[in-house]
Amino acid sequence: MPDIIRLLPDAIANQIAAGEVVQRPASVVKELMENAVDAKATDIKVIIKDAGKSLIQIIDNGIGMTETDARMSLERHATSKITKAEDLFSLKTMGFRGEALASIAAVSQMELRTKSVDGELATTICVEGSEIKSQEPTTGEQGTSISVKNLFYNIPARRNFLKSNSVENKHIIDDFQRVALANRDISFSLFIDNNEVLSLPDGKLSQRIVNIFGKQYREQLVACKEETPHLQIEGYIGKPESAKKSRGEQFFFVNNRFIRSNYLNHAVLGAFEGLLPEGSYPFYILFITIDPKHIDVNVHPTKTEIKFDDERTVYGIIKSTVKQSLGLHNVVPSIDFSVDVNFKSATEKVGQATTKAERDYSQFKRTPLEDSNIKHWENIYDDALTASKLNYEDLSDEEKGESITIESSANQMELKDLQSNQEPVSLEKSNVFQLHNKYIVTQVKSGMMFINQQGAHERILFEKYLDNIQHQTGMSQQSLFPQSVTLNPSDFSLVMEMEQEIKSLGFVFEVFGKNDIVINGIPTDVISGDEKSIFEGLIEQFKQNKSELSIPLRENLARSMAKRSAIKQGQTLKAEEMNFMIDKLFACSNPNYDPGGNSIFYILDTNRIDSFFN
Ligand code: ADP
Ligand code: MG
């Protein structure tokens, strides 16, 4: 049989790629506007005729292209924005695939005119269905102007598939607005069939919102702002009473990229719970800034979906931020438009050292005495550790051998905790007390901090267990009397599946018989006694989490274990225990939220307190 596989000609390959990138005129508008933003334009004009079916033109005053680059830009996978795979994880531009221009050129008649900063002449290239018709030096302003005519002229099926002009115009306006909302330092204008539909001078976010959505938004916006070590959120939400019956004014931007996420939308709606009439949707526009290494934008060709590596933390932060803003807006009625910050470009901020939490805590460096206290608190909390340390001298050599291993892994933990401690909290230890057996209350520099004791303990244990599982460092205490547990077949196979992970938490067990196991030891920090119910509780919790959340096995296991063994609300705590907890909490990599995404602490600002009185 002869060889039959052939490479597709470029024009066809481009047309196929175009099917992904160019769905309708609005996709062209979005791609070309984003190119102009990437080219550092400060002014971008968009001209539409016949809903983009006869003309889409984008004119920018950005850096432009040299003659060679202009020609190159039309090739598929030609981009100036990334050079290697790692760049995908530190993107600072909207584009990176190098597909847009090639795709658009494959399905339209396109004219590209561009002049680079130092070029004397502009280059004008005409291309039809990927075929270059002409290329010549011309006069022209600095920047780039791209005219896309007769979109889908060579794919009649696609062209016929386009919706009415009003529907296509609506899509165009939506995409235009998103790019404009994300880039307040650029002025934009949109002309549709010779009418200037939107004219947006550069300015602050609140002004841009008002320019786009109308003057009535002035009174309806509530500022939203939160900084955590993990991410930052800035933006506005609409007051509940201004919620609309129709959707469409909900915006998430992640590192300045518009995204859709039902999951995060749910977080916002959750914060509004009880405040909105049935079937109405609040306005929101939230900019999330996160280290690009925690997200993957390379999921969908049109790039409105992204993946977070820790989606639930993001969920929790959004929910509590919105909640907090809603709570505050009664006290802070309207935004002062004159002091409104113009949020810096998202990606710039990533990696900057000081977050709010860090600022709050940086004043509280530990003294040497307090440093040594930490060890003391650990001892109070961790019985096994206490025993192994305090009685060390009395032990036989054999026993010493054993406890040395315990000690060294304990030290590793200490060391790790101290290293990961980005914001050494040293609070005024004597000023700690418990409120209604639920909250730990303590004084901090900026005011008064309330810590949810259960959430805090769950967070501490969660991080510890996860670390134990990952590094197989969980310590065990031997059971006095081994206990046997009979499991149903599906639980038994579940346990077998996770045998390694369960053991690395500190459980010691063996299989005996068909569906039975014998437990010989449990993790050290679990109060010993009823090994059987601890183990069964863990499996139960694991299954419950599994049915409700899709999280990786190890995380689920650590969460289940943390949930089961954390102290609960209603439990009285001693001062040392509270201090210990505070210290451990702020040594966590994410002290803000419990594993389920709820806020752990809240700081009541002294200014707020003052405001109650005058
Ligand atoms: P991408 O944006 O993914 O890099 P595109 O096909 O959209 O791919 O653009 C290809 C290249 O053409 C870009 O990387 C950029 O170098 C150049 N380019 C496109 N549009 C412009 C513009 N308006 N101004 C300057 N350069 C541009
Ligand atoms: Mg692009």
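In the predicted model described here, R178 touches F251, F253, F258 and R260, not counting residues up to four places away in sequence, where contact means heavy atoms within 4.5 Å. R178 sits in helix α6 (residues 165-182); helices (H or I, at least four residues) and strands (E, at least two) are DSSP runs numbered from the N terminus. Because its relative accessibility is 14%, R178 counts as buried. Buried means under 20% relative accessible area, exposed means over 50%, and partly exposed lies in between (1.4 Å probe, protein chains only).

Residues are numbered from 1 along each chain as its sequence is written, while chains are lettered from A and ligands numbered from 1 in the order in which they are written. As this is a predicted model, local features need pLDDT of at least 70 and side-chain atom pairs count only at pLDDT 80 or more, whereas totals for chains, interfaces and linings use all residues; side-chain values use heavy atoms, with hydrogens and water left out.

Turning to the chain as a whole, 21 helices and 22 strands are present. Of its 614 residues, 52% count as buried. The accessible surface of the chain comes to about 29,700 Å², and 52% of this surface belongs to carbon and sulfur atoms; accessible areas come from the Shrake-Rupley method with a 1.4 Å probe, and for residues only the protein chains shown count as cover. Among contacts between residues at least 6 apart in sequence, 70% join residues at least 24 apart.

Ligand 1 has 18 residues around it, of which N35, T79, S80, K81 and G98 come nearest; a residue is near a molecule or strand if one of its heavy atoms lies within 4 Å of it. The shell divides into 6 nonpolar, 8 polar and 4 charged residues. In this scheme Ala, Val, Leu, Ile, Met, Phe, Trp, Tyr, Cys and Pro count as nonpolar, Asp, Glu, Lys and Arg as charged, and the others, Gly among them, as polar.

In soluble globular proteins, nonpolar side chains tend to be buried together. A nonpolar core is taken here as a set of buried Ala, Val, Leu, Ile, Met, Phe, Trp, Tyr and Cys residues joined through side-chain atoms within 4.5 Å. The largest such core has 60 residues, and those with the most contacts inside it are I209 and I285. Helix α2 (residues 25-38) supplies the largest share of this core, 7 residues. Beyond its neighbours up to four places away in sequence, I209 touches L181, G214, Y217, L221, Y236, F283 and I285. A second, separate core of 31 residues includes A267, I290, I306 and Y315.

Two residues stand out for their backbone. Most residues other than glycine have a negative phi. S130, though not a glycine, has a positive phi of about 70 degrees, and this residue lies in the loop between β4 (122-128) and β5 (131-138). N256 likewise has a positive phi of about 70 degrees without being a glycine, and is placed in the loop between β11 (250-254) and β12 (257-259). S130 counts as partly exposed because its relative accessibility is 25%, whereas N256, at 14%, counts as buried.

Sequence neighbours up to four places away aside, L538 touches L505, F507, L557, S560, M561 and R564. K568, in the loop between α19 (553-565) and α20 (575-585), is partly exposed at 33% relative accessible area. Apart from neighbours within four places in sequence, K568 is in contact with Q453, Q454 and K563, and a polar atom of the K568 side chain lies 3.2 Å from the backbone oxygen of K563. The C-alpha atoms of K568 and E458 are separated by 9.3 Å, although these residues are 110 apart along the chain.

Methods: Polar contact = N/O pair within 3.5 Å; in protein donor to acceptor, adjacent residues only side chain to side chain.
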